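Welcome! Here is a short briefing to read beside the sequence and the 3D view.

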Amino acid sequence: MAIQWFPGHMHAARKQVAETMAKVDVVIEIVDARLPWSSTNPMIENLRKHRQRPALKILNKQDLADPKLSRVWYDWFKSQSGVEALLLGEDNKKAAATRISQLCSQLAPHRTGVEKPLRAMILGIPNVGKSTLMNHLAKRRIANVADTPGVTKSQQRIELPGGTILYDTPGLMWPKVEIEECGYRLALAGSIGTNAYDQVDVAWFAIETLCERYPQALLDRYGALDLDKPVEELFAAIARRRGAMLSGGRVDEQKTAELILTDFRSGTLGRITLETPDDIREPLPEEIEMEGDEEMAAE
Ligand code: G4P
């Protein structure tokens, strides 16, 4: 699934990120704990390496992710050079401000005190929970928190305990999701605008992924299904179970797809992680677009 989703303001955002990054000591990237690789923005990673900035990776929404795999991802991120990691979810946001400040200090110990305050920027692709976290850290509502990817638009600045200054940046998405399965996972998690993909297609992907990785979650939610059946038959069986049928016994495809996507996004299907570090791969030659990230790094 090739996704072209690049609202106009994101062009400006890209430039703004490059400029802000030049002025900060630490780059904080929020990723979705259910898809830590797919929700990492390759453009941010390239810019960061180019500017030699250490990173704090926040794996957010851990309350929706598989706890065992969250631990695997946490260890994996921490094993990367110049990277610290933090697992965050609805259950442990209270301690976030202090933990983020501590981890930033570990990454940039030379920046301390009022003379040389530690400056960090926080970014992430849409819908990973950046606005929610910023509101929490600022102890007030400072940005729009909404379900629509790309809602956060202007830059914010807040101070954390310990004097760390945090710059927010608009929601970011790279121009094209090159790797096919990453596009599906992002769509499933709600990080891609609904106009950019076909919900039925993504619901099929969800069923296939669950059959492969979390078969019990499918059975627990939708009752006895023969998981050896082709995906279209499983989709129809789920439609029947959930009463998503049209007159004449036809499947209401749109309703069924929405139902499956909502079940995943809300955690009703259980705590699910869609990928492991073993899934990381480079894009295939046919997936690569000419307009690469190396050009970005030079900006
Ligand atoms: P963004 O700025 O990165 O685009 O994301 P935003 O904060 O708007 O969050 C997107 C959705 O994710 C929101 O749900 C938000 O409540 C939810 N969210 C953020 N952090 C967490 C978390 O740690 N765990 C869980 N389970 N959800 C989280 P929403 O349905 O759009 O809004 P609402 O119903 O919460 O008001």
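In β4, Leu87 is the bridge partner of Leu59. This is a predicted model, in which local features need pLDDT of at least 70 and side-chain atom pairs count only at pLDDT 80 or more, while totals for chains, interfaces and linings use all residues. Residues are numbered from 1 along each chain as its sequence is written, and side-chain values use heavy atoms, with hydrogens and water left out.

**The protein as a whole**

- The protein has 11 helices and eight strands; these are DSSP runs numbered from the N terminus, with helices being H or I of at least four residues and strands E of at least two.
- Of its 299 residues, 55% count as buried (under 20% relative accessible area with a 1.4 Å probe, protein chains only; exposed is over 50% and partly exposed lies in between).
- Taking contacts (heavy atoms within 4.5 Å) between residues at least 6 apart in sequence, 71% link residues at least 24 apart.
- Carbon and sulfur atoms hold 49% of the accessible surface, which totals about 13800 Å² (Shrake-Rupley method, 1.4 Å probe; for residues, only the protein chains shown count as cover).

**The sheet and strand β4**

- An open sheet is built from six strands in the order β4-β3-β2-β5-β7-β6, with mixed pairing; two strands pair if DSSP finds at least two bridges between them.
- Its edge strands, β4 (83–87) and β6 (157–159), each pair on one side only.
- On average, neighbouring strands of this sheet are turned by 25 degrees against each other, direction ignored.
- β3 (residues 55–60) pairs with β4 in the parallel sense over five bridges, and Ile58 stands opposite Leu86 in β4.
- Which way do the residues of β4 point? Val83, Ala85 and Leu87 point one way, Glu84 and Leu86 point the other way, and all are buried.
- Because five of the five residues of β4 are buried, this strand is largely enclosed by the rest of the structure.

**How the helices pack**

- Helix α2 (residues 42–51) lies across β2 (26–32), β3, β4 and β5 (119–124), and runs at about 160 degrees to β2. Axes here are lines fitted to C-alpha atoms, for helices over the stretch in contact, and angles run from 0 to 180 degrees between N-to-C directions.
- Helix α6 (residues 180–189) packs against α10 at an angle of about 85 degrees, with the axes 8 Å apart.
- α6 and α10 are therefore roughly perpendicular to each other (a term that covers angles of 65 to 115 degrees).
- Where they meet, Ala187, Leu188 and Ala189 of α6 face Leu261, Phe264 and Arg265 of α10.

**Two buried loop residues**

- Thr164 sits in the loop between β6 and β7 (165–168), and counts as buried because its relative accessibility is 2%.
- Glu287 belongs to the loop between α10 (253–266) and α11 (293–297), and its 13% relative accessibility is why Glu287 counts as buried.
- The side chain of Glu287 makes a polar contact with the side chain of Arg281 at 2.9 Å, and also reaches the backbone nitrogen of Glu180 at 3.3 Å.

Technical notes. Polar contact = N/O pair within 3.5 Å; in protein donor to acceptor, adjacent residues only side chain to side chain. Parallel < 35°, antiparallel > 145°, perpendicular 65-115°, else oblique.
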